[in-house]
Amino acid sequence: MEIWRLPISASQRGKLISAGYTSLSSLSSISSSDLARELNVSESEAMNILKVASHSRGSETSNASCSIVEGAQSAWDMLHDEESLMHITTSSADLDNILGGGIHCKEVTEIGGVPGIGKTQLGIQIAVNVQIPNDFGGLGGKAIYIDTEGSFMVERAFQIAEACIEDMSEYNRFLRKDFQECKIKMQPQDILENIFYFRICSYTEQIALINYLDKFLSEHKDVKVIVVDSVTFHFRQDFDDMALRTRVLSGMALKLMNLAKRFSLAVVLLNQVTTKHTEASFQLALALV
Amino acid sequence: MTPQSLLQLTSQKCTTGCPILDRLLYGGIPCDSITEIVAESGSGKTQICLQLSLHAQLPVSHGGLAASSLYLHTEFPFPFRRLHQLCLSFRSSNAHHFPVNDNPCDRIFVQSVHTADHLLEIMSKTDPFIENSKNQVPVRLIVIDSIAALFRSDFDNTPVELKRRSSLFFKISSKLKALAKRFNLAVLVTNQVVDLVGPNEGINGLRIGNLVCLHTSGRRVCPALGLAWANCVNSRLFLSRNEEVIREENEKSNGQSCDFVKKKMRKLYVVFAPHLPESSCEFEITREGLFGVER
């Protein structure tokens with residue numbers, strides 16, 4: 001909600017805006033004495049303004065997200081939000097370190113590598129790890145796995161799920177010796193059930209699916225990660241019109257970013273690599289970059 | 001679009017005919033995925049392909065697919081005699097599955113392929129072919145022996161041609177995967193090797209995208225067709241052969257040279273696969289076929 005909608009006098013409004021306060025969230029963390037100093041008004045007036053602001057904010061909590069999309073969010077609020085978001089662990093401490101805690105929600109992460117290096121394995125691991133319950137430091141969410149290459153093997157996912165549960169039991173045993181109730185009730189089958197698996201065979205299917213995800217995610221709000229295994233595989237065939245390919249790809253990337261931000265989930269894109277011929281040497285580069 | 005339920009999505013496997021190899025491959029060649037066998041000539045690629053085409057006909061309870069197979073060969077001639085030989089031993093060891101006058105060779109459909117475009121043409125005709133085969137014994141295995149032969153001579157070394165070659169890889173692979181998904185087929189592709197010159201580290205290793213050092217006949221090799229094709233297959237197996245000295249014989253006391261007994265050592269490696277760890281096992285090729293050796 002903007003300041004200009006607050007039921008305060010015009011001069012107060014003008015002072016607020018000229019001091020730099022344009023949205024309610026910016027008034028949320030300031031004390032009345034600081035506000036009085038900034039606006040050059042009496043402290044009682046400042047307290048009044050803050051009271052009105054918090055009252056309006058309270059009555060409009062349902063529109064709170066709307067205000068964050070409409071108006072600008074202060075960097076402080078953004079930092080708060082970012083810090084409060086959970087990460088999805090990759091089960092490797094070093095990798096988590098590099099990623100700053102794990103795979104971040106509300107962000108698109110691209111992982112590329114040569115064939116056989118472990119991209120699909122990492123994708124499956126993330127799809128399993130997102131289901132770690134909140135008690136164990138995970139998100140307790142579900143996963144969408146979009147397989148374009150056919151490299152998803154259920155038996156491997158089962159193995160990884162079993163190992164994850166074993167890991168959690170170990171953690172349970174070491175740290176929560178008193179809490180017998182925190183027994184792991186999860187079974188590998190439950191973990192597999194929480195992975196929504198889509199197999200697509202052409203780029204049109206891929207585009208259609210990404211468009212459909214909007215609807216799917218509004219019905220399944222507990223999905224916390226989307227893994228696309230080889231986002232570029234189907235686009236590497238002969239696309240006669242290169243401009244069309246670029247448009248389609250960037251459109252798809254934008255949609256995924258949108259989904260990530262709106263539904264507060266993580267998007268992980270697995271990509272292949274190609275060799276780039278630059279001058280006299282060869283370099284590995286991510287495909288279709 | 002509805003998501004598939006993972007619990008019902010168990011991948012079927014086609015047995016290789018040898019329990020030791022099956023153990024290495026966690027059951028055999030998986031369906032709905034492309035498995036590539038890389039080896040230099042004379043290592044046993046065609047042997048494995050023929051053996052699989054026969055064993056695919058076994059009932060599902062015995063690890064087969066109860067299916068016929070489509071064998072596309074690019075290197076002439078097709079080894080009919082060897083197939084016949086293998087067929088005889090296959091029949092004798094699995095007599096209870098087949099009626100008396102039955103010839104398993106009847107269920108292997110052979111087609112020769114000349115160029116990459118010819119292959120694409122054939123694949124567009126494969127759809128109705130497999131559809132029709134559902135009435136008798138369905139086709140559940142496609143073997144392409146070898147894919148490398150189609151691409152190694154037709155293309156010049158210019159960027160335009162290489163680009164066309166790469167996009168052909170993706171086209172063929174995508175069609176094969178679509179077929180594999182639609183009819184739940186296992187696809188087996190064989191590939192050749194090229195020599196790797198120079199150090200394996202740094203840019204040379206990266207260029208080939210080959211992190212694992214493959215050795216055969218004492219040379220360092222890497223699979224043909226490069227990084228683009230490597231992205232198209234799901235699993236890669238490597239067959240190597242080496243001459244190994246196992247012991248000395250006829251040691252003469254006056255220090256003359258002695259004879260070494262050399263043995264051909266053949267090994268099957270799993271280079272990469274989404275469901276297999278990196279492992280290897282030794283095998284030998286006999287009259288009856290290709291079998292793993294337990295050491």
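This note goes through the predicted model point by point, from chain A to chain B.

1. Basis of the model. Because the model is predicted, local features need pLDDT of at least 70 and side-chain atom pairs count only at pLDDT 80 or more, while totals for chains, interfaces and linings use all residues. Residues are numbered from 1 along each chain as its sequence is written, chains are lettered from A and ligands numbered from 1 in the order in which they are written, and side-chain values use heavy atoms, with hydrogens and water left out.

2. Overall make-up of chain A. The secondary structure of chain A comes to eleven helices and nine strands, where helices (H or I, at least four residues) and strands (E, at least two) are DSSP runs numbered from the N terminus. Of its 289 residues, 43% count as buried; buried means under 20% relative accessible area, exposed means over 50%, and partly exposed lies in between, with a 1.4 Å probe and protein chains only. Among contacts in chain A with a separation of 6 or more, 67% come from residues 24 or more positions apart, a contact being heavy atoms within 4.5 Å.

3. Domains of chain A. Chain A is assigned domain 1 (3-57) and domain 2 (80-286), with bounds that come from an automatic or database domain assignment. The centres of these two domains of chain A, taken over C-alpha atoms, are 44 Å apart.

4. Surface of chain A. The accessible surface of chain A is about 14,800 Å², and carbon and sulfur atoms hold 53% of that area; accessible areas come from the Shrake-Rupley method with a 1.4 Å probe, and for residues only the protein chains shown count as cover. Val108(A), Leu254(A) and Met257(A) make a nonpolar surface patch of about 260 Å². Patches are made of residues with over 30% relative accessible area and no salt bridge, like charges being joined within 9 Å and nonpolar side chains (Val, Leu, Ile, Met, Phe, Trp, Tyr) within 5 Å.

5. Side chains of opposite charge can pair when their charged atoms come close. Over all chains, the whole structure holds 15 salt bridges, each defined as a side-chain nitrogen of Lys or Arg within 4 Å of a carboxyl oxygen of Asp or Glu. One of them joins Asp214(A) and Arg262(A) at 2.5 Å, N to O, and this pair links distant parts of the chain, with Asp214(A) in helix α10 (residues 203-219) of chain A and Arg262(A) in helix α11 of chain A, 48 residues apart. Asp214(A) is partly exposed at 29% relative accessibility, whereas Arg262(A) is exposed at 52%.

6. Salt bridges in chain B. Arg182(B) and Asp127(B) form a salt bridge whose closest N and O atoms are 2.1 Å apart. Arg182(B) lies in helix α6 (residues 159-183) of chain B and Asp127(B) in helix α4 (residues 116-133) of chain B, so the pair ties together parts that are 55 residues apart in sequence. A further salt bridge connects Asp195(B) with Arg219(B), the closest N and O atoms being 2.8 Å apart; here Asp195(B) is in strand β8 (residues 193-195) of chain B and Arg219(B) in strand β10 (residues 219-223) of chain B, 24 residues apart. Asp195(B) and Arg219(B) also belong to a network of salt bridges that includes Glu40(B) and Arg241(B).

7. An unreviewed UniProt entry places the feature "domain: RecA family profile" at residues 10-193 of chain B; UniProt positions are given in the numbering used here, feature names are shortened, and annotations may be inferred rather than shown by experiment. Over residues 10-193 of chain B, the chain is 42% helix and 20% strand. Val187(B), in strand β7 (residues 186-191) of chain B, is buried with a relative accessible area of 0%. Leaving aside neighbours within four places in sequence, Val187(B) is in contact with residues including Ser33(B), Ile142(B) and Leu176(B).

8. Backbone points to check by eye. A cis peptide bond joins Phe76(B) and Pro77(B), with omega about -10 degrees, and another joins Asp145(B) and Ser146(B), also with omega about -10 degrees. Tyr26(B), a residue other than glycine, has a positive phi near 55 degrees and lies in the loop between α1 (19-24) and β2 (29-30) of chain B.
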